[in-house]
Amino acid sequence: MKIGILGGGQLARMLALSGYPLGLEFIILDPSKDAGATRLGKHLHGQYDDPALLAELAEEADVITYEFENVPAEVAEFLAEHTQVYPAPNALCIAQDRLEEKNFFHQLNIPTADFATVNCLEDLQQAMTSIAYPAILKSRRMGYDGKGQIVLKSSGQLAQAWDAMQGAPSIVESFVPFQREISIIAARRASGEIVFYPLSENIHQQGILRVSECCKNDALQHQAEDVVVRVLNALDYVGIIALELFDVNGKLFANEFAPRVHNSGHWTIEGAETSQFENHLRAILDLPLGSTKARGHTGMVNFIGGAASTERVLEIPHAHIHLYDKDPRKGRKVAHATIRSDDASQYSQSLQRLLKLAQSTDDS
Ligand code: AMP
């Protein structure tokens, strides 16, 4: 079986690495000559909407998936006319547009921040008569890792903030006073079987994920499962999904979902019985899903801007390094490391050492 992947970054790379034991081959479309995943399969080098490359991809791949949600929706729709594309393009269309996504959550009675559509300065001024400060102005499309977002603290800032959006269709949303940011990662296969991973607690700085820790037996696990199952079933979803949630005094508010494997699930590589990458492949091939049980205490730290030396990481007990084969660049995720231990205090000690090491190379 050959899996086609749109995008050849670290997520595609880890999908391919987990697919080899299953006997899978990979064909990867990516515009960059040296994208990290392309050494692990056939590389179709060109733009995502190149008709000849898309025809080749549809012809060669048995199933196509993607590693990021900004793949043009028309491309996924075109491919879906020729071969199986999972998750189906409807999920992609919703996840690409923050307004569609928030409306979708509302249709499913899933709580979110208060929000309003903003297409001009007057819209923003009007919206801020009913939304409390602080609030966040976000472009509807192409935003990730906090990009295209401006925090609004007072009405005096509105004109300047709207100018900075350069006319991009946007939404404004209230700031959610969360105690924790968490995500739930789940997989659903075509025949309807669903599995859930234990919640991840996620720490972001400047909008970029730094640390995710697996929360075993979390009090909000069932509430999060109930929310994500509504999303999965409404979309007749196939594959891994990651739903990002804010915990406000034990009540969950949805922020966004990613129709793909997710950075907050990287601890599952060593920390779960079956990784999110393997379960994504199993789901899109309609194979039995693997156990999502956590193996002891486990978490993950990102290396941003540059990675520490492999030796420094591996001298930390229970640490595992995952390098993405990417050149260091300011603010760029270039690697992550996981910790997994049966012993809670050993786990915390190792995680603290790993965090210090990651901070020493972080340039953002
Ligand atoms: P996003 O791109 O929407 O995932 O936003 C990146 C990060 O900004 C989130 O992980 C939060 O830390 C923060 N953030 C985004 N929206 C809100 C909100 N409405 N209230 C509080 N924090 C937010």
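Let me start with a cluster: ring pairs link Phe104, Phe105 and Phe257. Rings of Phe, Tyr and Trp (its six-membered ring) pair here if their centres lie within 6.5 Å, with planes under 30 degrees apart called stacked, over 60 edge-to-face, and the rest tilted. A search of the whole structure turns up 8 aromatic pairs.

Before going on, a word on what you are looking at. This is a predicted model, in which local features need pLDDT of at least 70 and side-chain atom pairs count only at pLDDT 80 or more, while totals for chains, interfaces and linings use all residues. Residues are numbered from 1 along each chain as its sequence is written, and side-chain values use heavy atoms, with hydrogens and water left out.

Back to the rings, then. A pair of aromatic rings is described by the distance of the centres and the angle of the planes. Tyr48 and Phe68 make a tilted pair, 5.4 Å from centre to centre with 50 degrees between the planes. These two residues are 20 apart, and their pair links distant parts of the chain. Tyr48 sits in the loop between β3 (42-45) and α2 (51-60), and Phe68 in the loop between β4 (63-66) and α3 (73-82). Helices here are DSSP runs of H or I with at least four residues, strands are runs of E with at least two, and both are numbered from the N terminus.

Are the two partners buried or exposed? Tyr48 is buried, at a relative accessible area of 13%, while Phe68 is partly exposed at 24%. For those labels, buried means under 20% relative accessible area, exposed means over 50%, and partly exposed is in between (1.4 Å probe, protein chains only).

Now the overall layout. The protein chain divides into domain 1 (2-85), domain 2 (114-174) and domain 3 (180-360), with bounds that come from an automatic or database domain assignment. Taken over C-alpha atoms, the centres of domain 1 and domain 2 are 34 Å apart.

An N or O atom in the side chain of Lys138 is 2.8 Å from a nitrogen atom of the ligand. Val176 uses its backbone: an N or O atom there lies 2.8 Å from a ligand nitrogen atom. From Glu256, a polar side-chain atom lies 2.8 Å from an oxygen atom of the ligand.

How much of the ligand does the protein bury? Taken alone, the ligand exposes 470 Å², and the protein buries 92% of that; such areas come from the Shrake-Rupley method with a 1.4 Å probe, and for residues only the protein chains shown count as cover.

Finally, some backbone details. Most residues other than glycine have a negative phi, and most peptide bonds are trans. In this model, the bond from Tyr86 to Pro87 is cis, with omega near -10 degrees, and Pro87 is in the loop between β5 (84-85) and α4 (89-95). Tyr133 and Pro134 are also joined by a cis peptide bond, with omega about -5 degrees. Pro134 is in the loop between α6 (121-127) and β7.

Which way does phi go at Asn249, positive or negative? Asn249 has a positive phi of about 50 degrees, although it is not a glycine. Asn249 lies in the loop between β14 and β15 and is exposed, at 66% relative accessibility. Asp325, not a glycine either, has a positive phi of about 65 degrees. Asp325 is in the loop between β17 (319-323) and β18 (333-341), and is partly exposed at 38%.

Note on methods:
Polar contact = N/O pair within 3.5 Å; in protein donor to acceptor, adjacent residues only side chain to side chain.
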